[in-house]
Amino acid sequence: MSHNDAKDTNAQYELLKAVIAEKKAVRNPLIEILHKAQDIFGYLPAEVQQFIADGLEIPVSQVYGVVTFYNLFSMKPRGKHIINVCMGTACFVKGAPRILQMLSDELQTEVGETSADGLFTISCVRCVGACSLAPVFVIGEDAYGRVETRDKLVEILDKYRKPQA
């Protein structure tokens, strides 16, 4: 960890401390604080969970229970872009496992993991409500359907690989 990393981490903890102080009086503030903490840190490692537990004066097991119950929370760093592959019935039947394999091959990572460049995390979801486009995957707010070839998949991923101007 470089000196700047330590300063960044201190700033993140100060920000989280302020969030806890602000939300502590709210009834059942834990989920809201966890959302803010994940926004600040990008994920919820054990030390952040402990910091929240100490700040709220609750057992860390309670924090951990909530973090592991809701799949929107992550204990591992996530990529800049989350790729949610729909595994609902229509998508599954029309080729979602193939899409998943192409993504895994292209990004050299598995479901639930983040690509080495830190840009993408692959995730599976039950349904995205776009059955007519099956098979579908979603990156951010953008849904992509009927991607048949690896070339088309790479073309889509390249849009997210380029720095935004």
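Predicted model: local features only at pLDDT ≥ 70, side-chain atom pairs only at ≥ 80, totals over all residues.
In strand 4, A143 is the bridge partner of V138. Strand 4 covers residues 142-145, and it runs antiparallel to strand 3 over 4 bridges. The two strands form a hairpin, with 2 residues between them. G140 sits in the turn of this hairpin and has a positive phi of about 65°.

Strand 1, residues 81-86, pairs with strand 3 in the antiparallel sense. This pairing has 3 bridges. Here N84 stands opposite V138.

The side chains of strand 3 were examined next. Strand 3 spans residues 136-139. V136 and V138 point one way, whereas F137 and I139 point the other way. All four are buried.

The loops were then considered, with S115 as an example. S115 is found in the loop between helix 6 and strand 2. Helix 6 covers residues 96-107, and strand 2 covers residues 120-125. S115 has a relative accessible area of 6%. The cut-off for a buried residue is under 20%, so S115 counts as buried. Leaving aside residues up to four places away in sequence, S115 touches L107, T109 and F120.

Attention then turned to the surface. I31, F69, Y70 and L72 form a nonpolar patch there. Together these residues have about 380 Å² of accessible area. I31 lies in helix 2, which covers residues 30-41. I31 has a relative accessible area of 33%. This value falls between the 20% limit for buried and the 50% limit for exposed, so I31 is partly exposed.

The whole chain sets these details in context. There are 7 helices and 4 strands. Along the sequence, they follow the pattern α-α-α-α-β-α-α-β-β-β-α. The C-alpha atoms fill a box of roughly 50 × 35 × 25 Å along the principal axes. Of the 165 residues, 37% are buried. The chain exposes about 9,900 Å², and carbon and sulfur atoms supply 53% of this area. Contacts across the sequence were also counted. Among contacts between residues at least 6 apart in sequence, 59% join residues at least 24 apart.

Methods: Residues numbered from 1 in each chain as written. Heavy atoms only, no water. Buried < 20%, exposed > 50% of the residue type's maximum accessible area, 1.4 Å probe, protein only. Contact = heavy atoms within 4.5 Å. Pairing = 2+ DSSP bridges. Patch = residues over 30% accessible without salt bridge, like charges linked within 9 Å, V, L, I, M, F, W, Y side chains within 5 Å. Areas by Shrake-Rupley, 256 points an atom, 1.4 Å probe, with all protein chains shown as cover. Salt bridge = Lys/Arg side-chain N within 4 Å of Asp/Glu carboxyl O.
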